[in-house]
Amino acid sequence: MTFDIAMTGFVALYIFMLAAFAGWVIIGNVPAILHTPLMSGSNFVHGIVVVGGLYALFNASTPLEQAIGFFAVLLGAGNAAGGYAVTDRMLAMFKTSETKPKAAHAHARVHHLKKS
Amino acid sequence: MLTLVSQFVISGADLGAAFLFMFGLKRMSSPATAPSGIRLAGLGMVAAVLASFLYLLTIDAAARPHMMVNVGLAVTALLIGGVGAWLVGRKVAMTAMPQMVAIYNGMGGGAAGSIAAVELFGGHTHGATQLIVTLLGGLIGAVSLSGSVIAWAKLDGVLKKPLRVKGQQFANAAVMVATLAVAGVIVASALGVGGLWLTAPTWIWIFFGCALVFGVLMTLPIGGADMPVVISIYNAFTGLAVGLEGFVLQNPALMIAGMVVGAAGLLLTVIMAKAMNRSIANVLFTNFGTEAKAKPGAIKGSERPTEASDAAIKMRYASSVIIIPGYGLAAAHAQQKLYEFVKLLLAAKVSVKFAIHPVAGRMPGQMDVLLAEAGVPYDMIFQLDDINDDFAATDVALVIGANDVVNPAARTDKSSPIFGMPILNADRARQIYVIKRGQGKGYSGIVNALFYSPNCNMVYGDAQAVLVKMIEAVRGLGAAAA
């Protein structure tokens with residue numbers, strides 16, 4: 001028994017096709033208000049390329065391959081970590097009128113309620 | 001046995017990551033569930049990265065003597081890249097988000113291109129299909145890297161003007177053909193057809209060099225106003241490159257994640273292009289602004305200026321106000337002041353809504369993020385299709401730092417370069433106020449017919465200074481009443 005994954009061209013095309021459809025439908029449901037976090041979030045998702053970079057680097061046997069592999073992991077890690085950091089930050093900012101906004105705004109809010 | 005277990009763990013972690021990515025993106029369908037979505041996706045990423053260290057148990061025999069060095073390099077790269085980008089991402093200003101997304105995007109493309117390079121230099125590919133896919137992924141990744149760097153430079157203001165020379169499109173096509181020809185040579189020599197003239201690694205260097213140059217050439221002539229579309233396209237490109245390299249490495253997680261992002265980028269590109277009423281080819285291959293010579297003779301009358309305090313008081317006693325913010329608001333750092341003013345209006349029982357045009361800001365949805373950052377609740381923010389019918393029943397439309405997105409010429413003037421672009425119907429409100437730095441044209445250099453309409457008044461000045469005056473005027477009323 002083995003867990004090796006061997007994909008021929010056509011199986012790969014099936015995966016590509018299904019993933020593209022799923023992506024199109026899922027992304028189509030994201031409201032326009034979240035398009036910036038969506039873009040940085042999908043940016044983060046392609047940061048998975050770092051895994052491919054690690055694979056390439058681990059299998060590198062010449063200094064040139066090692067250098068390029070290092071570069072791949074460096075860029076991939078930057079892509080993933082940076083994409084996550086900005087997306088998480090942006091999404092934390094979206095609040096409704098009902099939820100009590102935190103810190104700075106909480107004060108202003110109380111003020112405004114008293115007035116009205 | 002150990003090999004089997006490691007294979008199982010890696011495949012399982014990758015499968016889990018692919019699921020969490022899809023599920024995380026799915027949760028982005030509402031601002032309420034979105035934060036948990038990105039956290040889940042992040043969890044998947046961490047699991048996949050940790051599991052990939054198990055690759056060490058099954059590496060090539062040739063790489064085994066270098067294992068310790070490679071692990072050291074990997075950990076160093078993960079730490080420098082990850083921690084560095086994390087720290088920058090934590091403190092970058094929200095207004096700088098487009099260039100930040102561009103640079104992360106370029107990094108992803110560069111990583112995909114680098115993987116292709118390692119596979120090519122190491123001769124790890126088997127068969128023509130794999131070789132061609134590697135080259136294609138490498139090409140797209142490299143174009144995405146250099147193109148994103150140029151996009152970053154433009155958005156960051158390092159490059160001020162679009163660079164256009166005669167015959168540029170011809171040069172671009174020539175570089176593209178050259179890149180494909182070099183790829184053809186690499187494939188032909190791998191199949192044993194035809195001679196090489198140069199060594200194989202030299203051809204690979206030339207291939208990546210050409211691809212990088214093409215990315216630069218392709219992005220340089222595109223104008224600043226079109227950058228949102230360009231970022232979306234490169235997002236799709238990087239996704240595609242990652243997906244293709246995923247096939248080369250026989251890793252379905254990369255294939256799925258890459259393809260999902262590719263589709264997402266394509267969809268956003270289509271949405272943006274539609275919002276500007278232009279085809280994607282038009283954005284990429286023609287130069288906006290060069291032929292934009294509108295005939296100002298068509299517009300009669302003059303702009304009518306008014307005082308900030310008068311406008312503020314009018315809004316205070318209106319029953320409904322719709323605010324149309326544009327990038328000028330963010331450029332003046334006036335979002336906080338705007339929300340302060342809005343809170344005063346809300347306290348006076350005025351109904352206030354924000355209307356966002358799809359191309360407001362420098363990337364899709366940026367205006368929404370900037371308002372959210374200022375504390376505006378997202379249930380007050382409406383998109384073009386949801387609010388456009390409300391303008392006719394609205395007392396006041398307040399336009400701040402926006403121009404082309406409210407230009408009625410887009411509906412009526414066939415000679416206008418923005419004709420056919422969907423616009424916010426601000427002109428249908430009973431009264432319109434426009435806060436603007438001064439007389440003159442917008443970002444795209446087109447005269448705005450709205451400013452000359454009889455129910456429109458202009459409030460000249462820096463958005464922040466004007467809003468401070470407006471806040472004072474409304475507060476003054478409250479004090480007088482009390």
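**Exercise 1. State what fraction of the residues of chain A counts as buried, then describe the chain's make-up.**

Solution. Of the 116 residues of chain A, 54% are buried. Buried means under 20% relative accessible area, exposed over 50%, and partly exposed in between, with a 1.4 Å probe and protein chains only. The model is predicted: local features need pLDDT of at least 70, side-chain atom pairs count only at pLDDT 80 or more, and totals for chains, interfaces and linings use all residues. Residues are numbered from 1 along each chain as its sequence is written, chains are lettered from A and ligands numbered from 1 in the order in which they are written, and side-chain values use heavy atoms, leaving out hydrogens and water.

Next, the elements. Chain A has five helices and zero strands. Its pattern along the sequence is α-α-α-α-α. Helices (H or I, at least four residues) and strands (E, at least two) are DSSP runs, numbered from the N terminus.

Last, the contacts. Contact means heavy atoms within 4.5 Å. Among contacts in chain A between residues at least 6 apart in sequence, 61% join residues at least 24 apart.

**Exercise 2. Classify Tyr14(A) as buried or exposed, and give its helix.**

Solution. Helix first: Tyr14(A) lies in H1 (residues 9–28) of chain A. Its relative accessibility is 52%, so Tyr14(A) is exposed.

**Exercise 3. Compare the span of helix H13 of chain B with the expected span, and list its buried residues.**

Solution. H13 of chain B covers residues 335–347, which makes 13 residues. The expected span is 1.5 Å times one less than the number of residues. From first C-alpha to last, H13(B) reaches 18 Å, close to the 18 Å expected.

Then the burial. Gln335(B), Leu338(B), Tyr339(B), Phe341(B), Val342(B), Lys343(B), Leu344(B) and Leu345(B) are the buried residues of H13(B).

Check what comes after. Lys349(B) follows H13(B) and has a positive phi, near 65°.
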